[in-house]
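Work through the exercises below one at a time, and try each task before you read its solution.

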Amino acid sequence: DSYKVGAKPVLKMTIENISAVPCTRDVGPKANSLEITSGGYHVWSSDDCGASDQSKILTLKPGKKVGTSIEWNGRVTIKGCPTKGTPAKPGRYQVTAKNLKAKSPAASFSLTK
């Protein structure tokens, strides 16, 4: 995917039960996070500016998927958000999703002028 600098990309993650038995999982924002990096450096995380403490415990049947999405404001942030962050620059970025200890492979996207 490609977005213009200043756009607010909607980042999506899907949590799926890939086992053969039902499992109970926290799929709420407390357990989930998305992180954007570029060249191995932290750019933004959904947990940087006020991580949520909301859980959402579900029992997922085998093959069941639950999706969620978060809008990225296109700014570079650090934990605690001491500033509003500077706008991200054009370039290649990677986003990874985490649910508790499970982590997705990185998905690439770019920002263009």
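Confidence here is given as pLDDT, the predictor's confidence in each residue, from 0 to 100. This is a predicted model, in which local features need pLDDT of at least 70 and side-chain atom pairs count only at pLDDT 80 or more, while totals for chains, interfaces and linings use all residues. Residues are numbered from 1 along each chain as its sequence is written, and side-chain values use heavy atoms, with hydrogens and water left out.

**Exercise 1. Confidence and fold**

Task: Find in which strand confidence is lowest and in which it is highest, and describe the secondary structure of the chain.

Solution. Step one: the chain has a mean pLDDT of 94, and 100% of its residues reach 70 or more.

Step two: confidence is lowest in S7, with a mean of 93, and highest in S6, at 97.

Step three: helices (H or I, at least four residues) and strands (E, at least two) are DSSP runs, numbered from the N terminus. By this count the chain has zero helices and ten strands.

Step four: the C-alpha trace spans about 45 × 30 × 20 Å along its principal axes.

**Exercise 2. Surface, contacts and charge**

Task: What share of the 113 residues counts as buried, and how far apart do the centres of the positive and negative side chains lie?

Solution. Step one: buried means under 20% relative accessible area, exposed over 50%, and partly exposed in between (1.4 Å probe, protein chains only). With these limits, 30% of the 113 residues are buried.

Step two: accessible areas come from the Shrake-Rupley method with a 1.4 Å probe, and for residues only the protein chains shown count as cover. The chain exposes about 7,300 Å², of which carbon and sulfur atoms supply 54%.

Step three: a contact means heavy atoms within 4.5 Å. Of the contacts between residues at least 6 apart in sequence, 68% join residues at least 24 apart.

Step four: Lys and Arg count as positive and Asp and Glu as negative, leaving out His and the chain ends. Each charge is placed at NZ of Lys, CZ of Arg, CG of Asp or CD of Glu. There are 18 positive and 8 negative side chains, and the centres of the two sets lie 4 Å apart.

**Exercise 3. The disulfide**

Task: Which cysteines form a disulfide, and which parts of the chain does the pair link?

Solution. Step one: the criterion is a pair of cysteine sulfur atoms within 2.5 Å. A search of the whole structure with it finds one disulfide.

Step two: the partners are Cys 49 and Cys 81, with their sulfur atoms 1.4 Å apart. The link is left-handed, with -55° about the S-S bond.

Step three: Cys 49 sits in the loop between strand S5 (41–45) and strand S6 (57–60), and Cys 81 in the loop between strand S7 (65–71) and strand S8 (91–99), so the pair, 32 residues apart, links distant parts of the chain.

Step four: Cys 49 is partly exposed at 46% relative accessible area, and Cys 81 is partly exposed at 21%.

**Exercise 4. Positive phi**

Task: Examine the backbone of Cys 81 and Leu 100; what is the phi of each?

Solution. Step one: most residues other than glycine have a negative phi.

Step two: Cys 81 has a positive phi of about 50° although it is not a glycine.

Step three: Leu 100, also not a glycine, has a positive phi of about 55°. Leu 100 lies in the loop between S8 and strand S9 (102–103), and is partly exposed at 46% relative accessibility.
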